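Work through the exercises below with the sequence and the model side by side. Try each task before reading its solution.

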Amino acid sequence: MQRISCRCDTVAAEARAPAQASFPGLLFIGLLVVVLAISGCASRPSATARGVSASSAASGEYRVQRGDTLASIARRHGTDYPTLARLNGLRPPYTIYPGQRLRLPGGSAAPPATPIADWRWPTAGTTVRGFSASHGGNKGLDISGRIGQPVRAAAAGTVVYAGNGLRQYGNLLIVKHNADYLSAYGHLQQINVTEGSTVTAGQTIASMGSPGDGRGMLHFEIRYRGTPIDPARLVKPPGG
């Protein structure tokens with residue numbers, strides 16, 4: 001396994017659907033804690049909404065509880081869900097997850113989310129398995145293709161991990177795009193960049209490998225402040 005070289009200091013539907021449980025793979029989270037000092041663990045609900053609001057106001061952020069919606073959180077903290085979504089870089093369908101930290105209006109605990117303006121689809125191919133926020137579900141997209149074909153950076157950023165320390169991901173690259181977003185690329189045949197490298201959006205960073213069954217496939221994740229989100233919300237395949 002390659003040594004990790006950390007180059008950073010720390011990866012209106014919301015009104016309809018409650019937060020879903022999300023428990024990212026423990027090994028992946030362990031790696032991200034080392035690489036980026038982040039956590040994907042969910043906290044226990046507070047006893048009362050008043051207690052949650054009081055502690056949230058003091059800290060400037062709120063940790064999402066099971067059953068929350070963006071609208072209910074906004075109401076408890078004296079704002080509206082569009083404002084809360086904008087502060088946290090959330091886009092329709094405004095999916096939130098237990099354990100996710102949300103910045104509150106006027107809060108100083110966390111900086112405003114920095115959006116990525118130029119997301120790119122990482123490789124040619126078809127999505128054969130989509131994202132699932134359920135316990136044990138797929139935390140990204142599985143994209144089929146041809147072994148050896150180019151894998152490209154989904155956005156500009158810095159390579160913070162290049163190695164094979166997580167068996168279920170095979171050869172893995174993690175790119176930090178800013179303080180809020182990172183992307184991960186698994187089942188790589190060859191890695192073309194090194195830790196600490198700066199990459200541009202669309203740059204070839206690796207080639208597609210296989211999960212071990214002879215099929216060409218890329219496992220692609222995007223994480224927002226450590227929480228896995230559906231990449232299909234942010235980036236579309238060519239012609240999609």
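Predicted model: local features only at pLDDT ≥ 70, side-chain atom pairs only at ≥ 80, totals over all residues.

Residues are numbered from 1 along each chain as its sequence is written, and side-chain values use heavy atoms, with hydrogens and water left out.

**Exercise 1. Describe the protein as a whole.**

Step 1. Take the secondary structure. The protein has four helices and 12 strands. Helices (H or I, at least four residues) and strands (E, at least two) are DSSP runs, numbered from the N terminus.

Step 2. Take burial. Of the 240 residues, 51% count as buried. Buried means under 20% relative accessible area, exposed over 50%, and partly exposed in between (1.4 Å probe, protein chains only).

Step 3. Take the surface. The accessible area is about 10,900 Å², and 52% of it belongs to carbon and sulfur atoms. Such areas come from the Shrake-Rupley method with a 1.4 Å probe; for residues, only the protein chains shown count as cover.

**Exercise 2. Classify the ring pairs Y81–Y94 and Y181–Y224.**

Step 1. Set the rule. Rings of Phe, Tyr and Trp (its six-membered ring) pair if their centres lie within 6.5 Å; planes under 30 degrees apart are stacked, over 60 edge-to-face, the rest tilted. The whole structure holds five aromatic pairs.

Step 2. Apply the rule to Y81 and Y94. Their centres are 5.8 Å apart and their planes at 65°, an edge-to-face pair. Y81 lies in helix α4 (residues 81-87) and Y94 in the loop between α4 and β2 (101-103), so the pair ties together parts 13 residues apart in sequence. Y81 is partly exposed at 24% relative accessibility; Y94 is buried at 15%.

Step 3. Turn to Y181 and Y224. With centres 5.1 Å apart and planes at 50°, this pair is tilted. Y181 sits in strand β8 (residues 181-191) and Y224 in strand β11 (residues 216-224), 43 residues apart. Y181 is buried at 4%, and Y224 is buried at 2%.

Step 4. Ring pairs link W119, Y181 and Y224 into a cluster.

**Exercise 3. Which strands pair with β11, and in what sense?**

Step 1. Apply the criterion: two strands pair if DSSP finds at least two bridges between them.

Step 2. Go through the partners. Strand β4 (residues 141-145) joins β11 by five bridges, antiparallel. G145 stands opposite G216. β8 joins β11 by six bridges, also antiparallel. Here Y181 stands opposite Y224. Strand β12 (residues 227-229) pairs with β11 over three bridges, again antiparallel. I229 is the bridge partner of I222.

Step 3. Check the turn. β11 and β12 form a hairpin with two residues between them, and R225 in the turn has a positive phi of about 50°.

Step 4. Check burial. Nine of the nine residues of β11 are buried, so the strand is largely enclosed by the rest of the structure. G216, L218, F220, I222 and Y224 point one way, and M217, H219, E221 and R223 the other.

**Exercise 4. Which residues line the largest cavity?**

Step 1. List the lining: N88, G89, L90, Y181, Y224, I229, R233 and L234.

Step 2. Sort by class. Five are nonpolar, two polar and one charged.

Notes
1 Å grid on protein atoms, 1.4 Å probe; cavity = no way out; pocket = protein on both sides within 12 Å on 5 of 7 lines; lining within 4 Å. Nonpolar A, V, L, I, M, F, W, Y, C, P; charged D, E, K, R; others polar.
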